[in-house]
Amino acid sequence: MKLLALLVFSLLSGAFVPGGGEALAQEPQVVAEAAWSEALASYREILEARDAALRTHDILMDRQEEARRSGDDARARDAMRQVHDQGIRVMLLEQQLRMAADALQAAGRAYLAALEVREEELLDALGSAILPMTRTRLQSQIAELRQEYREVERESGTPQVGELRPLPDVVVDRRDGPEELRGKAGLLENRAAEYDSVIAGLEREISTRERRLQLERGREDLMAGISRFDDAALTGGGIPRSGTEVRPGSMDPVGEVDLSSLPLEDQIALLREYLVLARDMRNEALAMARVFRDRAEGVRP
């Protein structure tokens, strides 16, 4: 009976199951991966809805301009109301997107931490491995894990930067009354709110990358000391180095920022440049909105 009990305990603990101990060690990684996948799917769903709402908003703005040029005041007012209502929908989706981005980033951090723990376990096992077949298997697992790490970094970092849409093309028309002027001011203020969302994401991403750069520099020093391993097999590790040159003014003001292929130092530099641009555009939108509101109240510069 004692022998049977010992055998049952051993089976439950994975001692007699090929790879059983390794499966148990990977359990936190599996849980973190599931949470990450769920957060990513939710983010993508809301992002798609937000983008569709933005496209509709742009279409309605074009229709509003056509209505204004037609001289039909009733049609112009109705078009402006539609633009205003759609702008509110966009702002609500932006709020949901920010919440989903925060959840995605948190899930990404947890998954990356689990991957780091798993890599340390694999590196320890590699350091004590004797059989060439075992070393080859562990090196392959480390390479796959590092590839997954980079993919999670890319997915959890880049989507949160967002894009800077151009300022609305609105001007003061001599036929504009107080309602039309306030409507145009509202369009500009909505766009400034979008810029605020981008600014918050940029500040968050810069802070995250600065912390990660410090951590990875320490990790790179550690990896440099493991000279007995086959470096060619451990692909995807350490801080990526490239000949990419960061040039002033290289950010696209209306395009999404894709930083996944750049070293962290270059990512931080480009994000800082983009942050300056976003703040300038936000300030310009608010200044223009103030002009329209002042005119609506009968104040002239």
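Predicted model: local features only at pLDDT ≥ 70, side-chain atom pairs only at ≥ 80, totals over all residues.
Which helix does Ala110 lie in? Ala110 lies in helix α3.

## The chain as a whole

The chain has six helices and zero strands. Read from the N terminus, the order of elements is α-α-α-α-α-α.

The chain holds 301 residues, and 39% of them count as buried.

Is Arg118 buried or exposed? Arg118 counts as buried because its relative accessibility is 7%, and the cut-off for buried is under 20%. The side chain of Arg118 also has a polar partner. It makes a polar contact with the side chain of Glu121, at 3.0 Å.

Ala110 belongs to helix α3 too. With 41% relative accessibility, Ala110 counts as partly exposed, because that class lies between the 20% limit for buried and the 50% limit for exposed. Which distance separates the C-alpha atoms of Ala110 and Gln29? They are separated by 9.0 Å. Along the chain, these two residues are 81 residues apart.

## The largest nonpolar core

The largest nonpolar core has 24 residues. Five of them touch the most other members: Trp36, Tyr43, Leu104, Tyr111 and Leu115. Helices α2, α3 and α4 each supply at least two residues of this core, with α4 running over 132–157. Helix α3 gives the most, with 12 residues.

Tyr111 deserves a look of its own. Which residues does Tyr111 contact, leaving aside neighbours within four places in sequence? The partners are Gln29, Ala32, Glu33, Trp36, Glu148 and Val152. One of these, Trp36, is also among the core residues that touch the most other members.

## The cavity

Rolling a probe the size of a water molecule over the atoms shows where empty space is left. How many cavities of 30 Å³ or more does a search of the whole structure find? The search finds one. The volume of the largest cavity is about 40 Å³.

The lining of the largest cavity is made up of Leu54, His57, Gly87, Val90, Met91, Arg165, Asn190 and Glu194. Helices α2 (20–70), α3 and α5 (178–224) are the elements that give two or more residues to this lining. Helix α3 provides the largest share, three residues. By type, the lining residues of the largest cavity divide into three nonpolar, three polar and two charged.

Arg55 lies in helix α2. Arg55 is exposed, because its relative accessible area is 51% and exposed means over 50%.

Val90 lines the largest cavity. The C-alpha atoms of Arg55 and Val90 are separated by 9.9 Å. Along the chain, these two residues stand 35 residues apart.

Technical notes
Residues numbered from 1 in each chain as written. Heavy atoms only, no water. Buried < 20%, exposed > 50% of the residue type's maximum accessible area, 1.4 Å probe, protein only. Polar contact = N/O pair within 3.5 Å; in protein donor to acceptor, adjacent residues only side chain to side chain. 1 Å grid on protein atoms, 1.4 Å probe; cavity = no way out; pocket = protein on both sides within 12 Å on 5 of 7 lines; lining within 4 Å. Points joined across faces, edges and corners; volume = space filled by probe spheres on them. Helix = DSSP H or I, 4+ residues; strand = E, 2+ residues; numbered from the N terminus. Nonpolar A, V, L, I, M, F, W, Y, C, P; charged D, E, K, R; others polar. Core = buried A, V, L, I, M, F, W, Y, C linked by side-chain atoms within 4.5 Å. Contact = heavy atoms within 4.5 Å.
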